[in-house]
Amino acid sequence: LSLLESECRKANVEIVSGISVDKITKENQFEIETASGKFLCESLVIASGGISIPKMGATDFGYRIARQFDLKITEVRPGLVPLVLQENERNIFGELSGISIDSFVKCNKVGFRENILFTHKGLSGPAILQISSYWKEGDPISINLLPDADLSALLEDNSKNRIELINFISNYFPKRFAEIFCRTYFTSKPLNQYSKKELSFISEKFHNWIILPSGTEGFAKAEVTLGGIDTAELSSKTMESKKIKGLYFIGEVVDVTGWLGGYNFQWAWSSGFAAGKFV
């Protein structure tokens, strides 16, 4: 922030904050009516972001301006957001809140290898946040809870062992998770009492745990907003509207969404830089 303010001072930028925009019109110039008076400008850059995390001040301001000037907006929904499990699963796995497991999560032919995190409402963690951007209501999600091992082979190698299933699984997972997961899907007994078919079922459940989320935790918990100003409405070189000369949209208000890891920050800076060269 200090760097930004320093650069603004060098460029004689006037920063006005704490005011609301009441109306924007354009004839020869843009006229912006605010509680602190009118501002006239030839170039207007909308950098208002999406509607994620409204408690930080996020609003639909950018979308309203786009609609006013007849720009197309693609479907807006939460992205990089925790998922909520069905009620019966929440009642079971809510007890595991805080437990994290390295997993491979897949949905709609897209997959991520990172941790999942159990919450009171469902699942979060990097892998879940990533896959949430590709998930839509009704889509199943496949979770490989043991991506670095072949549980089928491990169970077969120990098929004559008298160790209880829960105790055996606890060698690879937190014990509390092993207990709840096994008791939910299997009858826990010594490994030597399972048939090959039963051992195959156990392996499949851990390597391909299918969940059908009931939804997400919404914009309040979403790190980004999917959708926004249709990129077809803007110049990819300048970020200027193809319909309205001098009107620019940059950052998250545009229908561009990145993965976790700074990609969305980078898009905000890069699109801002692109527009800044032409404003």
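Lys109 sits in the loop between β7 (100–107) and β8 (110–118). Those strand labels come from DSSP runs: helices are H or I runs of at least four residues, strands are E runs of at least two, and both are numbered from the N terminus. Lys109 has a positive phi of about 70° although it is not a glycine. Is Lys109 buried or exposed? At 83% relative accessibility, Lys109 counts as exposed. Here, buried means under 20% relative accessible area, exposed means over 50%, and partly exposed is in between (1.4 Å probe, protein chains only).

Before going on, keep in mind that this is a predicted model, where local features need pLDDT of at least 70, side-chain atom pairs count only at pLDDT 80 or more, and totals for chains, interfaces and linings use all residues. Residues are numbered from 1 along each chain as its sequence is written, and side-chain values use heavy atoms, with hydrogens and water left out.

Now for another residue with a positive phi. Met239 has a phi of about 70°, and it is not a glycine. Met239 belongs to the loop between β13 and β14. With a relative accessible area of 5%, Met239 is buried.

A salt bridge is a side-chain nitrogen of Lys or Arg within 4 Å of a carboxyl oxygen of Asp or Glu. How many salt bridges does the structure hold? There are 13. Here are some of them:

| Pair | Closest N to O |
|---|---|
| Lys38 and Glu31 | 3.3 Å |
| Asp60 and Arg64 | 2.8 Å |

Lys243 is partly exposed, at 46% relative accessible area, while Glu233 is buried at 10%.

What about the other two pairs? In the remaining pair, Asp60 is partly exposed at 32% relative accessibility, and Arg64 is partly exposed at 43%.

Salt bridges can also join up into a group. Which residues are linked in a network of salt bridges? They are Glu95, Lys175, Arg176 and Glu179.
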